[in-house]
Amino acid sequence: MTAHPIFSAIHVAALEPYLARTGTIFHTFGDQDSGCISYGFTAGGRRWFVKGASTPDGVSSLRRAISVHKAVAHSAIVPLSHSFSTDEGLALVYPWMAGVVLYHPTRSRHGGRTTPGSPMTKFRQLPLPQVHAALDSLLSAHLAVEQAGLVAVDLYDGCMLYDFENHRMMLCDLDEYRPGPFTLETGRLPGSSRYMAPEESVRGSVIDIRTTVFTLGRALHLLLDAGDEEKQWRGTSGQLGVIKKATAAAPECRFHSVHSLVDAWHAAT
Ligand SMILES: Nc1ncnc2c1ncn2[C@@H]1O[C@H](COP(=O)(O)OP(=O)(O)OP(=O)(O)O)[C@@H](O)[C@H]1O
Ligand SMILES: [Mg+2]
């Protein structure tokens with residue numbers, strides 16, 4: 001940890017002026033769907049990612065993020081370094097990670113997974129061993145999530161920060177993960193429909209680790225296909241069989257734990 005004042009901050013009035021006063025903001029993420037505003041920030045000779053919330057929804061998701069990071073730490077999950085309150089809400093400080101998220105929708109721009117040169121297109125062209133290493137990071141992080149008694153919510157390619165130089169996959173924005181099982185009180189959980197299990201849009205349904213299994217199955221499928229339409233499978237038929245079971249519509253037909261999904265995946269790989 002660094003001696004920079006941000007790490008002893010408990011409360012600051014307004015986030016952006018505080019950052020500008022105590023270091024350098026080198027990037028602003030001001031157009032995110034979440035309504036949070038985040039900053040790339042240099043301080044104490046290091047780069048940080050500072051995420052600020054000033055709306056009730058934003059604040060509650062950052063509070064959730066704090067509990068997630070208290071419960072789970074893993075080498076493929078960007079760790080939380082510090083948090084403090086602001087007059088308007090809450091701010092979280094993470095180490096800045098090299099790389100890009102495989103998909104980066106904003107309020108004003110969605111799509112682009114198939115654009116030549118986009119991170120997802122590049123990822124889908126990587127040699128298979130590198131794709132498998134990234135998938136292993138994703139799965140291994142979720143063994144830790146399972147162990148911590150959490151379930152994945154809103155996991156999608158926008159959480160997958162991939163470093164194309166060092167070939168490292170890191171997960172960010174796990175703000176919606178929560179202790180499970182739980183009963184869905186609203187009509188739909190937040191998330192990308194391509195990754196979501198059917199029960200995530202049924203009020204009153206039980207969301208448990210089998211929901212996480214489904215989402216991981218979707219991630220395996222989408223990341224190990226050369227195209228966005230899932231017609232250019234790069235894996236084996238055994239791996240496809242594992243994905244089929246993981247993404248069965250009925251939770252009881254899926255693997256009952258991330259652990260059993262991972263075992264089956266490794267046996268097929
Ligand atoms: N630790 C990090 N280091 C570098 N960049 C990061 C880091 N964490 C997140 N990012 C980048 O910042 C962007 C926004 O972060 P994040 O997804 O946490 O914000 P958000 O407000 O929850 O956005 P969304 O509405 O898309 O969920 C990410 O898409 C990613 O490009
Ligand atoms: Mg988010």
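This is a predicted model: local features need pLDDT of at least 70, side-chain atom pairs count only at pLDDT 80 or more; totals for chains, interfaces and linings use all residues.
Me: How many bridges join strand 5 to strand 6, and do the two run parallel or antiparallel?
Reply: There are four bridges between strand 5 and strand 6, and the two strands run antiparallel.

Me: Which residues of strand 5 are on the covered face, and which on the uncovered one?
Reply: On the covered face of strand 5 are H82, F84 and T86, while S83 and S85 belong to the uncovered face. As a general point, side chains in a regular strand alternate between the two faces of the sheet.

Me: What about strand 1 and strand 5, in which sense do they pair?
Reply: Strand 1 pairs with strand 5 in the parallel sense, over two bridges, and within strand 5 the bridge partner of V12 is T86.

Me: Zooming out, what is the order of the strands in the open sheet?
Reply: The open sheet has six strands in the order 1-5-6-4-3-2, and the pairing is mixed. Strand 1 (11–12) and strand 2 (24–29) are at the edges with a single partner strand each, so one side of each has no neighbour in the sheet.

Me: And how do strand 2 and strand 3 pair?
Reply: Strand 2 pairs with strand 3, residues 37–43, in the antiparallel sense over five bridges, and the bridge partner of T28 in strand 3 is Y39.

Me: Which strands does helix 1 touch?
Reply: Helix 1, residues 15–22, packs on the sheet and touches strand 1, strand 2, strand 3, strand 4 (46–53), strand 5 (82–86) and strand 6 (90–95), with its direction at about 15 degrees to that of strand 3. Helix 2, residues 56–71, also packs on the sheet, where it touches strand 4, strand 5 and strand 6, and its direction makes about 45 degrees with that of strand 6.

Me: Switching to the ligand, which residues come nearest to ligand 1?
Reply: Ligand 1 has 17 residues around it, and those that come nearest are Q32, S34, K51, M97 and D173.

Me: What lies 2.9 Å from an oxygen atom of ligand 1?
Reply: That is a polar side-chain atom of Q32. On the backbone side, an N or O atom of P95 lies 3.0 Å from a nitrogen atom of ligand 1, and a backbone N or O atom of M97 lies 2.8 Å from a nitrogen atom of ligand 1. Ligand 1 would expose 620 Å² if taken alone, and the protein buries 93% of that.

Me: K51 came up there; which side chain makes a polar contact with the side chain of K51 at 2.7 Å?
Reply: The side chain of D175 makes that contact. D175 is in the loop between strand 10 (168–171) and strand 11 (178–179).

Me: Is D175 buried or exposed?
Reply: D175 has a relative accessibility of 4%, so it counts as buried, the cut-off being under 20%. Not counting residues up to four places away in sequence, D175 touches K51, S61, L62, R64, A65 and Y94.

Key:
Residues are numbered from 1 along each chain as its sequence is written. Chains are lettered from A and ligands numbered from 1 in the order in which they are written. Side-chain values use heavy atoms; hydrogens and water are left out. Two strands pair if DSSP finds at least two bridges between them. Contact means heavy atoms within 4.5 Å. Axes are lines fitted to C-alpha atoms, for helices over the stretch in contact, and angles run from 0 to 180 degrees between N-to-C directions. A residue is near a molecule or strand if one of its heavy atoms lies within 4 Å of it. A polar contact is a pair of N or O atoms within 3.5 Å; within protein, one must be able to donate a hydrogen and the other to accept it, and residues adjacent in sequence count only if both atoms are side-chain atoms. Accessible areas come from the Shrake-Rupley method with a 1.4 Å probe; for residues, only the protein chains shown count as cover. Buried means under 20% relative accessible area, exposed over 50%, partly exposed in between (1.4 Å probe, protein chains only).
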